[in-house]
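Let's walk through this structure together, one feature at a time. Keep the sequence and the 3D view side by side as you read.

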Amino acid sequence: MRRAASALALVFAAGSARAVPGPDSVAVVSNRNVPGSVALAAMYAEARAVPARQRCALDLPTDDTLSLADFRARFTEPLRRCLTEAGVDDRIEAYALMRGLPIRVTIPLAGGAQGVSLAAALMVERSRLLDGTALLDAAPGVARTCAGSPCVGARWANPFTDGAFTPGWTSELGGVRWSLRLATMLHGRSDEDAARLLHSALDAERAGRVPGTWLFMNGADRARGALDVESDEVVAALRDLGQAEVARVPFNAADTGRTLAAYVTGTASLGATIEGNRFSPGAIVDNLTSLGAVPQNFAPTGEAQVSIARWVAMGVAGVHGAVEEPLNNCFPSRRFAVDYAEGATLAEAYLRHMPFVYWRNLVLGD
């Protein structure tokens, strides 16, 4: 994990006054060339009562990464056409992306290219600089120096940090006319694992609670513990909300035998701590490390650093990772757990606390 150069809630949360979006404002996106992607979309749409006119199966390659040109020609243009012809484009505020879609987009630049997550590109693709230029034609990152070596850091500060998120959400900030839509993904090592994210959310909603400990484990090293300073405040806030089982503990890769409602840490390597604990339906996770959501981590076996797919297999409702090296200043504030406990949707809770947008972050979950 490279240090920066400077010294669910669920997609749907039934009954919550804060929770958005709902069935009428979600578009379900799949890859029509991947049967499992289409089947997962149908399962999701049926479970969430998403109308058929809001389901868009796109003609896409099966590669992990799209060029910006292909993203526009084969993803955003047909997606917009699908929703416009159905008469629903104006009311969409969130995308549920299915396994089988690419997970990265390559942004071409003079002298090279920079990658972002598909979800991050889709979230901002309607945003424009003040001169009218599409944000996607600007570099997502900026050259930095990390421990004496060149690196790339995120560039665009998150404009969505408070207030309600609604269809047509806009803001003018930092030289950009922002037009955002939320985006999360159902993904895992298999279609069955990806579907576990949906089932975890549904089971939590039926139960009306997420039992277990909200565990904040310190990072394994200084770089991956960059957000540990937030933990005491977040623990106190969760207790004020009535969460009795909240703990902050030292890093321990062998911490097992718990039932967890949330698990937050930072490490490039974990042994039994994932598979040795039980994750309740509705549980949320974040691990501050560089490569949690790189494409190889969704292969049937193997991993680079700690694959977020391991938590998906254990039945969590939401987990966040990076599709390329993001630097450690790009992970969500630990206060995302407080928003979730207060009734925010998973998409809102994670996005509201991301320091940057149009970068390498990927949230898995319903």
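Searching the whole structure turns up two disulfides. A disulfide is a covalent bond between the sulfur atoms of two cysteines; here a pair counts when its sulfur atoms lie within 2.5 Å. Before we look at each one, note that this is a predicted model, where local features need pLDDT of at least 70, side-chain atom pairs count only at pLDDT 80 or more, and totals for chains, interfaces and linings use all residues. Residues are numbered from 1 along each chain as its sequence is written, and side-chain values use heavy atoms, with hydrogens and water left out.

Start with cysteine 56 and cysteine 82, whose sulfur atoms are 2.1 Å apart in a disulfide. Cysteine 56 sits in strand β2 (residues 55-58) and cysteine 82 in helix α2 (residues 68-85), so the bond ties together parts that are 26 residues apart in sequence. Helices (H or I, at least four residues) and strands (E, at least two) are DSSP runs, numbered from the N terminus. Is the link between cysteine 56 and cysteine 82 left-handed or right-handed? The torsion about its S-S bond is about -90°, so this disulfide is left-handed. Cysteine 56 has a relative accessible area of 2% and is buried (buried means under 20% relative accessible area, exposed over 50%, partly exposed in between, with a 1.4 Å probe and protein chains only).

Now find the other bond, which joins cysteine 146 to cysteine 151, with 2.0 Å from S to S. The link of cysteine 146 and cysteine 151 is right-handed, with 70° about the S-S bond, and both of these cysteines are buried. If you number the bonded cysteines of the chain in sequence order, the pairing reads 1-2, 3-4. Cysteine 330 takes part in no disulfide: the nearest cysteine sulfur, which belongs to cysteine 146, is 10.0 Å away. Cysteine 330 is buried too, at 0% relative accessibility.

Next, move to threonine 289, in the loop between β17 (278-287) and α7 (309-313). Threonine 289 is buried, with a relative accessible area of 1%. Which side chains does the side chain of threonine 289 meet in polar contacts? One is that of arginine 224, at 3.0 Å, and another is that of glutamine 305, at 2.5 Å. A polar contact is a pair of N or O atoms within 3.5 Å; within protein, one must be able to donate a hydrogen and the other to accept it, and residues adjacent in sequence count only if both atoms are side-chain atoms.
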